[in-house]
Each structure stands twice: as structure tokens, then as C-alpha cells.
Amino acid sequence: MTAQYQSHDGIAVITLDNPPVNGLGHSTRVGIVEGMTRALDDATVKAIVITGAGKAFSGGADIREFGTPKAMQEPSLQTVIDTIEASPKPVVAAIHAVAMGGGLELALGCHYRVTAKGAQIALPEVNLGLLPGAGGTQRLPRVIGLEAALNMITSGNAIPSEKFADTKLFDHVASDDVLPAAVKFARNVAAAPGQHPQVRNLKVQHKNAEGYLGFARSTLAATSQRFPAPLKCVDAVAASLKPFEQGMKDERDGFLYLLSTPESRALRHAFLAGRAASKIPDVPGDTPTRKIAKVAVIGAGTMGGGISMNFLNAGIPVTMLEMKSDALERGVATIRRNYESSAKKGKLTQDDVEQRMNLLRTTLSYDDIGDADLVIEAVFEEMGVKEAVFRKLDGVMKQGAILASNTSTLDVNTIASFTTRPQDVVGMHFFSPANVMKLLEVVRGEKTGKDVLATVMQLGKKIKKVAVVAGVCDGFIGNRMLEQYSRQAGFLLDEGALPEQVDRAIETFGFAMGPFRMIDMAGNDIGWAIRKRRAIEQPEFTYSKTGDLLCEAGRFGQKAGAGWYDYEPGDRKAYPSPQVNEMIVRHSKDLGIARRKISDAEIVERLVFALVNEGALILEEGIASKASDIDMVYLSGYGFPQFRGGPMLYADQFGLYNVAQAIQRCAKGYRGEAWQVAPLLQKLADEGKGFND
Ligand code: 3HC
Ligand code: NAI
């Protein structure tokens, strides 16, 4: 049982004890009800206190139970709360650290609430595509008012407990240890005469509820895009104006509806996948980590500067090393410009800017970086240059320093072989702009030490990245899959589509940006260089030649003012280019292809299943250790629609059988050699399973 019971001197204490955050799973719910029964049966008990063990009062319903029979098994959270609220003996919640979701709803069912200062109070269900389903939408407006409750419920934001000191949410804010304060409070109320208060009996009042709710609805309709939960939250909060039982019924209906939506499934998957990404199967959670107090970055170009900012933001000093002082000056100026621009937007104070800049040092000499705990190389993408840098680092860095490369395409094992300490070498593949993009692929070399991996994953969290481990292969997880996706985008042009149709179709599916707009932003020359290399290494690898024709015409993308689209000076908007479209049509003719009308559905199918099929190979080869890691890469680094939960979850929801069938159909079409159902995908489809099962 994951709730403990103790009684002492007339006060029973029920302690939620379900690590890590006292999620209200089935066994905890049973524990609370049994504790209540014991306390009510014991004539010596005068009052009951509910508290949480460890680092939270409660983080809410146990997210790991959603979608399993246990989630709905009695006693439900609703039953638990009804039991507490109906208790003739007073029940006091003693809240510390975190009261979120069902945890806060449980507290609202208690007669009294005592909180520690600084506890994080939230109803964050909307972030999981849900609404609070155990009375939160009905009781919170009754204690803090309609507007404040609606803001909390539709934003999911956490608010420190002391901000509610003047509301009916808390009866007492304790400045010391909350449990003794709650026990004392319980003793006092037990001795007082009269009924104990129930939040359900309060009335929600607002001068212009209809007007306010209408305003909230239209604002949220504009911002919540493809997510149904925010508007459902408004409906549920609006129902708090009705009699309590009716409001509860409306809330329940909304909750159950949302629970079954693919959007909620996607968000819950992303929540758990984000936490799971930091767990590496053969690296135990208690693996010792190395201390990272000083960082050095080699190369102050596009990536070096952005990478440095991550550490400066986290208060970690950085020394940037370059070959020439003008490169250093440019790098430092760019960092300062970025910070100043954040300050102008009000995101940083001028003090913050100076503090960060003061943590930055520059040098032209390796002698100045030998004592760094971590060095990240971000020099030109050429093996010869990397070799020179890593040989030098091997000579100067202190023992125990981690030597990382930000390479996007080169073999990390080869890079490690340039040193006498391959166990200390790892890939840290940041994405551009590195100070903004959330994703960090941590590339595990054959010899990378487990403690190095554990350290880098922990550091990833500290610098607020989504860190995902990838094995060594061309393109790691993200870019390897992207190559197949871009390849299909090219073939679609050969067959009859134009860039604007492909982009529009996949953006309507939900991608932040279609492949052609994206390539124009990144620079067409990068792909061109990779294709040239590929033509030598793997001459049988087919792809549409339209990308090469584009580059031969000097259309390198936004930076050249012309790419797949036309651009106007000072404007990033992509305008369809008659010249490019003509080139595409001519190319089809040269290939002898009769262009056909291609449906948007086919475009989406080919692009997304190209990702899925390559993802399956990546999984099978162990480049990614779990399907959810691949989803995290695509959600945090490649603009895959959040409401679809990543390519692998999308495939699961589509049905792997159907995916395999679609791929087999594609294999009979144009450039069918690009399609072979990945054996793992076929196997799971045959077994009726999903990648994430
Ligand atoms: N259920 C189960 N496990 C949970 C959980 C929950 N509600 N909330 C967090 N966890 C787990 C995480 O999966 C993670 O597990 P791991 O150690 O195995 O990886 C661990 O707790 C720690 O989580 P974090 O890494 O996020 O730790 P932090 O200390 O940074 O944050 C937190 C703690 C603020 C509680 C944060 O985890 C959080 O925001 N959790 C989500 C809370 C939430 O959304 N609650 C609503 C649930 S839905 C609900 O209650 C429905 C009800 O209305 C009926
Ligand atoms: P860049 O050309 O903007 O910067 C490279 C910098 O390294 C230059 O300032 C150069 O002077 C410096 N440099 C070169 N040789 C050096 C040496 N021996 N010692 C010290 N400094 C040296 O290149 P960018 O875009 O920053 O790329 C750097 C690395 O990051 C490459 O490996 C690239 O593949 C990788 N990468 C690039 C991404 C991008 O979108 N630009 C994304 C992810 C990784």
C-alpha cells in the first residue's frame, strides 16, 4: 500500500507514500480510504491530517496508470474525495513542495488546508490535453474566484502557495515545517464547535460571468489551435456557476471525452517520453557523475556561440577558443547582440546580460582551457580539422575532462580514436540556433564511458535541453530520418507536385514548416555537399536531382535571397517561384515522367511513413534505445506536430499493419527502391503490436 497511517494523541496522519511524487495511483487511493476508515472507527481520533512523504504533497493522478484498467478502478479519486469531504471528523491537508492536479483536488476536498510557503500549486491537466477531473474545475473557482481559477486551469501554470494567503484556498500558511503546523491546526479545529466547512457549499460569484467567459473562449479559440482541452476547460469552469452536482457531472463528461482524444494521448506520451529519455538501459540511475563547473568551446562560429550561451545562461563559466582574434570578436559580439535583443524584449534585465557576459572568456591558446571539465568542439565539419583539434585536446586537457564534439555527420568513434582517452569522448549534437533549440542528441561512441553519458544527460537537464541518446551512424537519429523524408519530398516533385503543395500539405498535417521552406532556411548547399559525398560512398542511393539543379543555379536558400522559393530583401516570407516551378516541370519531362496530380494525403503518407520506416531501422539497430526517444527527437528538434506525439506514436495510432500496407504500395510506385518495410515494423505489424507497447 502506498499510503501510511499513524495516529498519535488524538490526531491521525495519513501519509501519501508513492515515490517519486505521490501520484494518486490505485494503491495510494486504497490507502487513503482505508486510513479514513481506521480514523473514523477509532473513537480516540479527533481529527485527520493528510500529508505527503518525500519531495511532494502530490503531483496528481498517476500518469503512468492512464490508459490502464487501474486508472478507473474504485476507489476512484472522486470516491476518495467524497469520503474525505463527508467525514464528520475534520480533515486537514498539510501541503509542501508540490500540490498539482489531482493532488490539489484532493486538498480541496479536505475541510481545511495548511501549506508551506513556496509550494507549487497548479492544475496542469491542460498540459496533458485534459481538464481537472476530480472536482478541480468546480472547487477552485469557489475558493479563488472564477477569473483566477480559469487562468490557472487554462494555462496549467504553477503559482507559489503564499500568493493565495488571502484566499479561501488556504487556512494557514506555515513559515516552518508544515506537518506540525497542520497537526496543531487540526487539534484546534477538532475542539471548535459546529460543522466543518466544505468547499462545495461556497458559491461562485462574478459580475459579468457570461461576458468574461465569452472573452476567454474567443481568446483561447485563437491560441489553442489543434488542442481541444483549453476550450473544454472553459466549459467546465463555466459549469461551476451551476449547482455543484450538475457542475461535477459536466466536468466528468468533459474529462472522459478528453481522456480518449488522440491529442491527450500524444501529450501524455510526450510527458513520459521526456522523462524516459534520460534513462539509458545499461546506465543505472545511480551511476556517478563528473562535476562540470567550467566549460571550454572550440570555435566561436554559428554553433560555438550558441552552445556557449546555454552554459552562460546556467551560470557556468565558458572559455571560447578560436584560431584568430577577429573570429573571437565576431563570436562575442553575436552573443552580446543576442542577449541585448532579449533584454529589449524584456526577457532579461541589463544586469542579467552583464552577469552572463562576465562569465565568458576568450582565448587563442589551448594553455588557457586545460582545466575545463568539459570541452565542446564546434569547428569546421572536416575530419582533418577535427583530428587536429582532438589530438591537441588530448595533450592539454586535464585527466577526467569530457571531450565532446558537435559534429553533425562525422563518425564519433573515429574522432575518439584521435585521443588516448576514447572513454571521455562523446558527441553533443546541438541544433541551430543552439541557444534556442531544445534538442540535444548525445552521441554515444563505442567506448564512451557510462559516467560520461550520465554526466552529459544530467548537464542536458541543467541547461534545459531535451537530451536524447543516439548511437553512432550517419545522421544519428534526427538527420538520418530526415534524409528519407527529404528524399520523398524530392521524388514528389519529380512526379507532379510543386514545393508549395508539399509544404502546405505537411503544414496542414501540423508540421511547423514544410521540407522546402525548411531547407531554404538551413541552406541548400549543406544538403548538396552531403549528396555529393553520398554519390561517392553509395552510388546506388537514388534521389531527385531537382535539389542539385537548384544549387547549380546558385539558389542556396534564404541567405542567397533565392531557394525553392523567392525571397524579398528583409522579408523571410516564401514566395512561390515561377522559375523554380518551371525547372521542376522541365526536369520531369527530361526524365520522361508524365506529371500527375498528387493528393495531399499521399504527400503526408509518403513523408511521414518515410520517417517512421527509417525510425524502425534505427530502433532495430539500437541507434535509439526506445521508440519514445525517436518521438522526443522529432517533437523537440524537427517541428513534428505536438498533438500527434511524434512519428512513432502517430504510426502506432494509425496502426502498424496499415503503415506496412501503405509502404508496400509505395514500393510499387516511382522510385520504389526507396521503400522496403523495415523488418521490425513488419514484425510488430504481424504481431498486432505498436512501437510504444
Ligand atoms: N504521476 C506519476 N508520475 C509522475 C507524475 C504523476 N502525476 N508527475 C511526475 N511524475 C514522475 C515523473 O515521470 C518522473 O519520474 P522518473 O523519476 O521515473 O523519471 C518523476 O516523477 C519526477 O518528475 P520530474 O522529472 O518532472 O521532476 P520535477 O521535480 O522536475 O517536477 C513535478 C515534479 C512538478 C510534479 C512535475 O513532474 C510535473 O509537473 N508533473 C506533472 C503533474 C501533472 O500534470 N499532474 C496532473 C496529473 S493529471 C490529474 O491529476 C488528473 C486529475 O485531475 C483527475
Ligand atoms: P562555422 O563555420 O559557423 O564556425 C566554425 C568556427 O570554427 C569558425 O569560427 C572557425 O574560425 C572555427 N575554427 C575552425 N577551425 C578551428 C580550429 N582548428 N581551432 C579553433 N577554431 C577553429 O560552423 P558551424 O555552423 O558553427 O559548425 C560547427 C560544427 O557544428 C560543425 O561540425 C557542424 O557540422 C556542426 N553543426 C552545425 C550546425 C548548423 O546548423 N550550423 C548544426 C549542428 C551541428
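Good morning. I begin with ligand 2: one of its oxygen atoms lies 2.5 Å from a polar side-chain atom of E322. Please bear in mind that the model is predicted. An N or O atom in the side chain of E381 is likewise placed 2.5 Å from an oxygen atom of the ligand, and for S408 the distance from a polar side-chain atom to a ligand oxygen is 2.7 Å. On its own, ligand 2 would expose 830 Å², of which the protein buries 78%.

I turn now to the aromatic residues. The whole structure contains 15 aromatic pairs. One of them joins F491 and Y670 edge-to-face, with 5.7 Å between centres and 85° between planes. These partners are 179 residues apart: F491 belongs to helix 18, and Y670 to the loop between helix 27 and helix 28. F491 is buried because its relative accessible area is 0%, whereas Y670, at 21%, is partly exposed. By contrast, Y634 and Y638 are stacked, 4.4 Å centre to centre with 20° between the planes, and both are buried.

A single aromatic cluster comprises Y485, F509, F511, F609, F640, Y650 and F654.

Finally, two charges over rings. R534 lies over the face of F541, 5.0 Å from the ring centre, and the charged end of K545 sits 4.4 Å from the centre of the Y543 ring, over that ring. Thank you.

Definitions and conventions
Residues are numbered from 1 along each chain as its sequence is written. Chains are lettered from A and ligands numbered from 1 in the order in which they are written. This is a predicted model: local features need pLDDT of at least 70, side-chain atom pairs count only at pLDDT 80 or more; totals for chains, interfaces and linings use all residues. Side-chain values use heavy atoms; hydrogens and water are left out. A polar contact is a pair of N or O atoms within 3.5 Å; within protein, one must be able to donate a hydrogen and the other to accept it, and residues adjacent in sequence count only if both atoms are side-chain atoms. Accessible areas come from the Shrake-Rupley method with a 1.4 Å probe; for residues, only the protein chains shown count as cover. Rings of Phe, Tyr and Trp (its six-membered ring) pair if their centres lie within 6.5 Å; planes under 30 degrees apart count as stacked, over 60 as edge-to-face and the rest as tilted. Helices (H or I, at least four residues) and strands (E, at least two) are DSSP runs, numbered from the N terminus. Buried means under 20% relative accessible area, exposed over 50%, partly exposed in between (1.4 Å probe, protein chains only). A charge sits over a ring if NZ of Lys or CZ of Arg is within 6 Å of the ring centre and within 35 degrees of the ring normal.
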